[in-house]
Amino acid sequence: MRFSKILTTALLGVGLCVTQVAAEDMNIGFVYVSPIGDAGWSYAHDQGRLELEKMDGVTTSYVEAVAEGPDSERVMLNMARKGYDVIFATSFGYMDPMLKVAKQFPETIFMHCSGFKMADNMGNYFGRMYQARYLSGMVAGAMTKSNIIGYAAAFPIPEVIRGINAFTLGAQSMNPEVTVRVVWTKTWYDPATEKEAAKSLLDVGADVIAQHQDSPAPQEAAQEKGVYSIGYNSDMSQAAPKAHLTAPIWNWGPFYVETVKQVKEGTWKAASTWPGLKEGIVDLAPMSDMVPQEVQDKVMAKKEAIKGGEKVFVGPLKDQEGAEKVAAGAAMSDEELLGMTWFIQGVIGTTE
Amino acid sequence: MPLLRVVKRQEPLGWGSCLVLIAAICLSLLLGGIILFIGGTSPIEGLVVLFKGAFGNRYALEDAIIKATPIFLCSLGVALAFKLQVWNIGAEGQFALGAVGATWVALSLPEAPSYIVLPLMVVMAAAAGGLWGFIPAFLRQKLKTNEIIVTLMMNYIAILILDYLVYGIWKDPASYGFPMTAEFSEAAIVGKIGATNYSWGLVHCLVLGLIFWVFLKYSRLGYEIKASGDNVRAAKYAGIPYDRLVMLVMVLSGALAAWAGFLEASSTINRLQPSIMAGYGYTAIVVAWLARLNPFYIGVASFLLAALRVGVEGLQLDLQVPAAFGGIIEGLILLTVLAGGLFTSYRIVVARKAHEH
Amino acid sequence: MNIEILIPLLAAAVQSGTPILYATLGEIFTERSGILNLGVEGTMIIGALSGFLVAKATGNPYIAFVAAGLAGTCAASIHGLVCLVFQGNQVVSGLALTILGVGVANYLGTPYVGLTAPGFDPLPIPLLSELPIVGAIFFSQDLLVYLTYIIPVLIWIFLYNTRFGLSLRAAGEYPAAATAAGLKVVGYRWLGVLGGGFFMGLGGAYLSLAYTHLWTNNLTAGRGWIAVALVIFAFWRPGRAVFGAYLFGGIMALQLRLQASGTQIPSSLLLMLPYALTVAVLVLSSWWRGKTDEPGALGTNILPAD
C-alpha cells in the first residue's frame, strides 16, 4: 500500500514537471461569449481551438460565457498577465476592452473576431459566412413552392442581416418570385421560442425554414409540418432528417492553425483578415438527396465561382422600399458589408 | 418522539457564528470539490486556484472590489424596500433605466463640462430608476396590486426599452450597426482615482452606504420605515403616512439601483450596450438577505460574491472547468450558509424524553 | 385577423402556455402550504435535463416524464431541507436553488447539447379533434397538454375538497392555529414543497420532451420566473392559473406571428407585450375585485417553540 502511495506521489511529481515544461509552450487563450455547450457560435470556435491543441508546442485554454464589457476586459487582462502569447476574443463587444488591454501588453498578440479596430499587436478577423448563406439560399429558392421562405433570426446585428440578405439573393437567383419573411426571437438559444418562431412562419405559408440561431428547434418545426429546412453552424440533419436540406457551416480550424503558425515563425503582422469559402473557413454542409441533382450542380458551380473570386453583393441592389442602394455592376466593399443594417428588396420584416 | 430538539439561544452566538459560517463554506467547498472530482479535475488544485483567483493577489482583490460596486448599490436599494416589507425585486429594471437615463444626458450634452453633465446624469438616472420604483409602489398602495409581479414584469420591460434604444435611435453610426451608443464624452465619464484602477464610483458607494446607515438609524424617516416594517397597523395607528412612505421608499430604492446603472454605463463601459445587464439586480436580492439588510454586511457580502465570480474565471482559464461550475458553487455556498444560520440562533439539544404540551 | 391565422395562434397559445402552466400549478401547490419557492427556474431545468436523459437512455418518454417529476421533487427537497429543517430564509434559499439548479443542469448537460431524444408528438383525440375550432385548438395537441386539462381540476379538488388539502392550506394560512388543532404543519409543508417540485419538474420536461425533443443549456430560458409571477396573477387559484398561462403563451405566440406577417413595429416593442399585458390585466383585476387567496403565512417559517 505504502509503496503504491510513494509511486503515485512520484508519478504526480513527474506529472507536475511535465506541466512545467508545457508551460514553456506557446500559450493560446480564447474568450467566448457563450458556453461552448451552445452548439453554435462558441462551439464552432472551440472546435477550431481543438485543432490548435493538435499542434506541437501549443497549449490552449479558454474562458466561456464572458459578458462583453468589464468582465471581458478582466478576463483578457488576466490572460495577458499570466503570460499568454496569443489571445483570441470572439465577440464584437470585446473590441474596445481588447484594445485597452492590447495597449498595456505590447508583447502579447491579440486577435479580435468580427470587429474593425486594430493596433500594432491586435488584428481582426471574421468569416465570409454570407457566401455559404448565398449557396443555402439557392437551395431554398429552388425548393420552395409557395415562394415564401421563413427565416428565424436571433438579433438584428449586421452579421445576421448580411446573412439574410445573402440568403435572399441566393434564393432570388433561382426563383425571382421568392420573398423571405424574418422573425426575430432576440435569443441565441431558447429552443421553445425558436420553434414557435418557425411555426409562426409556417402559419403564414412558408415552406422552407432557415435560421440564424444555435438550437436546431426550427428544423424540428419544419419536419413536423412536412416541409424543408436549412440549418446553421453545423450539419443539423440529425435533428430533422426529413426536412434538412443543407446548412452553411463554420470551420475555424485552418484559420487558427495558420495564424498560430505565423506567430511561431515570426511572420505575423496585425491585419484585417476575412477568409471565406476559398480558405475553407465557411462551407456548405452536404446537400440532402431531396435536392434535385440539377439544383445541386448549379449550387456547386456557384460555389466554385465564388471560390474563384465572384462577389455575392453586386448591384443593382435595392432596399425594401425599392430605392437603389448599390448601382448596377458595383460591388459592395468589405466595410459596407461589415456595417450592413438594411434589408434588400424581397425581405419582409424590420431591422429593429 | 424526537431525539433532537432545537432551542432558541438566549444570547447571540458572537464569535461562534464566524465558526458556523466557516464550517458552512467548508462544507460547500467540499461538495464543490466532489463535483470537480467527478468532472475529472483535481479538487485540491481546483480549490487552490479558485481561492488564488479570488483573493490571491492585488489584481484579484482589485477586480473583486470593482465588480462588487454595482451589486452593492443595487443591494442597498432593495434592502431599503425590504426594511419596509415591500418586496421590490425590480432592481434589475431600475438599474437598466438608470443607465438609460444617464445615457440620455450624456448623449444630449456631448459638449457640456463635467460639473454640469455628471450631476445631471445622476439626477436623470435617479429620476428614471425612481419612476420605475414609484409605479409598482403606487399600484400597490392605490390598487392593492402585488408588487412582486409588477416589479418582475417591469424588469423585462425596462431591459426591452434599453434594447429598443440601442438597437434603434441611439445606435452609434460608427459602430458598424452593432447595438451600442457612441462612447460618452470625456466629461461624462466617472474617472479613476489617481493612478489606481478604482473608479470614483467606489467613493460614491462608501458615501451612499454611510448615508444609508445614518438615515436609517438617526432620521425620523428611518424610524418610521423601521416601525412600519415591523408592524404596519401599529404604524398607521401612530399616524405614520404609510402610503406616502412606501412610495418614497420605492423611489429611493429605485434611485439607488439606478445609480449603479449610471456608474456601470459611465465608469466601466463608457457607453450603453445590452451587455450592461449582468443580473446584478437579482444578485442584489440574495446579498441583501444574506447581509440581513445591514449596509456594512451588504458591503462584505457583495465583495465575497464578486470575488467568487472572479475566482471562477481563474478556475476556467487554468483548469478548463465549465462556467456552469460557478453557479453550482455559488448556489451551494448560499444554501449551506443559510442552513448554518440555524446554529447561530438556536441550540441543538438531545431530548431525554418527549415533551408533551 | 381571419380564422386560418387565429386557430393556429390559439393552438400555439395552449402549447406555449403549457410548460408555464405546469410550473405555475406546482408553485401554487407549494405556496398554499406557506412556503415560497423562488427556485422554480432551477427546479424546472433539472426536470428538463432529467427527463431528456432518461428518455435518451430508456427510449421511453413516459418513464422519462415521471422521472423528470421525481427529479423536480429532489431539487425542491433541497429547498425543504433549508427552510423546514434549518429555518433558512425562503427568499434566499429559492434564489440559491435557481442558481444551483441552472448550474448543475448546464454542467451535466453540456455533452448532450443539440442531441435529440424520443418524446411526445401531437396525438389528436379521435372525434373531439374534429370539432370545429375547439378541436384544432385543444384536442390536436400532445398527451402532456391533455394532462393539464385534468391536473388543475385534481389540484382544485385536492385543495378544497379533501382533508389533506384543507390541512395543507391551514399550514399556509394559520400555522399556529393548525398546530394547536393537532396538525403536523411541518409535514404538510413538506408535502407542499415536494408535490410542487414534482409539477415544476414536469413543466421542465414538457420543454425537452414535447415542445422540442432536444436539450440545450438554459432550456427553460426564464419560464420559471414567469410561473412565479403567474401564481400571484392567478390569485393562488388553479383555475385562474390556466387562464394566465394561456394568456401569456398566447401573447408570446402572437408577437411572433405579427412579425411573420410583416409588421413594421420594432421587435423590442413587440416583445414587451406579454409582460406589459400581464401587468395590465393584473392591475385591472385587482382594481375590479381585490380579493386574492394569498396564504396568510406565505414565506414565514415555523419557528421551533422556545
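**Sheet, helix and interface in a predicted model**

Modeller: In this predicted model, the cover over the buried residues of α4(A) includes α3 (70–81), β3 (86–89), β4 (109–113) and β5 of chain A.

Colleague: Which residues of helix α4 (residues 95–104) of chain A are buried?

Modeller: A:M95, A:D96, A:P97, A:M98, A:V101 and A:A102.

Colleague: What makes a residue such as A:V101 count as buried?

Modeller: The cut-off is 20 or more other C-beta atoms within 10 Å of its own.

Colleague: Why are β5 and β12 of chain A called paired?

Modeller: Pairing needs at least two bridges. Two bridges join β5 (residues 122–125) to β12(A), so the pair qualifies. The two strands run parallel. In one of the bridges, A:N124 has A:S272 of β12(A) as its partner.

Colleague: What is the strand order of the open sheet in chain A?

Modeller: β2-β1-β3-β4-β5-β12, six strands with parallel pairing.

Colleague: Why are β2 (58–63) and β12 (272–273) of chain A called edge strands?

Modeller: Each pairs on one side only.

Colleague: How many residues of chain B are in contact with chain C?

Modeller: 40, and they meet 40 residues of chain C. The largest share of chain B's side is 14 residues, from α13(B). Among the other elements that each supply at least two residues are β1 (4–8) and α5 (114–143) of chain B.

Colleague: How does the side of chain B that touches chain C divide by residue type?

Modeller: It has 29 nonpolar, seven polar and four charged residues.

Definitions and conventions: Residues numbered from 1 in each chain as written. Chains lettered and ligands numbered in written order. Predicted model: local features only at pLDDT ≥ 70, side-chain atom pairs only at ≥ 80, totals over all residues. Helix = DSSP H or I, 4+ residues; strand = E, 2+ residues; numbered from the N terminus. Contact = placed C-beta atoms within 7 Å. Nonpolar A, V, L, I, M, F, W, Y, C, P; charged D, E, K, R; others polar. Buried ≥ 20, exposed ≤ 12 C-beta atoms within 10 Å, placed from the backbone.
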